[in-house]
Amino acid sequence: MRLAVNIDHIATIREARKSDEPDPVAAAVLCELAGAQGITVHLRGDRRHIQDRDVEVLRRTISTHLNIEMSASPEMVRVAQTVKPHQVTLVPERRDELTTEGGLDVVLHAGNLEKVVKQLVESAIDVSIFVDPDLEQIRQCQKIRAPKIEINTGKFTEAWIRGAWTTELEKIITAAKAARKMGLVVFAGHGLNYRNIDAIAINEDIEELNIGHSIIARAALVGMKAAVREMIGLMNKPRRLPQSAR
């Protein structure tokens, strides 16, 4: 299972002071040196953290692969076609949200999403869609010819805090297995951290995890390389799972 590090919150720190540091590109290089196999950024419509120049420089600099999370809007399609990241992950986006709150409703927005997927694929950009672990949504991803999905682990991570996470984990396991059978490449992410990673890391149907906030928070204390290496170590050797109170 590969690790892609989301470095948005390096840019969040920078934008808090409208400064030129810390530099997300430098953070990305440190992540790669520590063993990360991908870099993820979310280019939001309001540009609250990652900026257009960041994605342009990242595309020229990193040696692994660049995944840009973005809404399925004409503006963002144009950005992607210009920057040419290795991959785009289509995500829902609300201006007043703190972070992405759930998966895309692919069933409701199938027409627009199918058009956007086609545009990106024809521009030689790989495409993933961020979805909840819902079989109807995943089937729709296959119907609109999205090659990859990223399963939203947000409800699982919330349930982990309450100590009743087994049901949400089973939904992820079922969704990942079904998606693989449909021929989709499966990623996962959202809210994963050093305490709950083990339950997801043992799933062989998931090829890559996108993790951001927890790694950046840990890096503030121990440094970026150490934080990334710790996470990779846990992914490679998951600990024994605790009992869950359903």
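User: Let's start with two helices: which hand does the crossing of α2 and α11 have?
Analyst: The crossing of α2 and α11 is right-handed, meaning that the near helix is turned clockwise from the far one by less than a right angle. Helices here are DSSP runs of H or I with at least four residues, and strands are E runs of at least two, numbered from the N terminus. This is a predicted model, where local features need pLDDT of at least 70 and side-chain atom pairs count only at pLDDT 80 or more, while totals for chains, interfaces and linings use all residues. Residues are numbered from 1 along each chain as its sequence is written, and side-chain values use heavy atoms, leaving out hydrogens and water.

User: Which residues in α2 and α11 meet?
Analyst: From α2, A27, L30, C31 and L33 meet M224, K225, V228 and R229 of α11; contact means heavy atoms within 4.5 Å. The residues of this contact divide into six nonpolar, no polar and two charged. Here Ala, Val, Leu, Ile, Met, Phe, Trp, Tyr, Cys and Pro count as nonpolar, Asp, Glu, Lys and Arg as charged, and the others, Gly among them, as polar.

User: Switching topic: how many strands close into the barrel?
Analyst: Eight strands do, in the order β1-β2-β3-β4-β5-β6-β7-β8, with parallel pairing. Two strands pair if DSSP finds at least two bridges between them.

User: And where do β1 and β8 come in?
Analyst: Strand β1 (residues 2-6) and strand β8 (residues 208-211) pair in the parallel sense over four bridges. The bridge partner of R2 is E208 in β8.

User: What about β6, which strand is joined to it by four bridges?
Analyst: That is β5 (residues 126-131), and the two run parallel. F130 stands opposite E150 in β6.

User: Are the residues of β6 buried or exposed?
Analyst: Five of its five residues are buried, which is under 20% relative accessible area with a 1.4 Å probe, protein chains only; over 50% is exposed and in between is partly exposed. K148, E150 and N152 lie on one side of β6, with I149 and I151 on the other.

User: Which residues are buried in α7?
Analyst: In α7 (residues 154-162) they are G154, F156, T157, A159 and W160. Their cover includes β6, α8 (166-181) and α9 (197-201). Just after α7, G163 takes a positive phi of about 80°.

User: Last one: where does S71 lie, and what does S71 touch?
Analyst: S71 sits in the loop between β3 (66-70) and α4 (74-83), and is buried at a relative accessible area of 16%. Not counting residues up to four places away in sequence, S71 touches M76, L90, V91 and E93.
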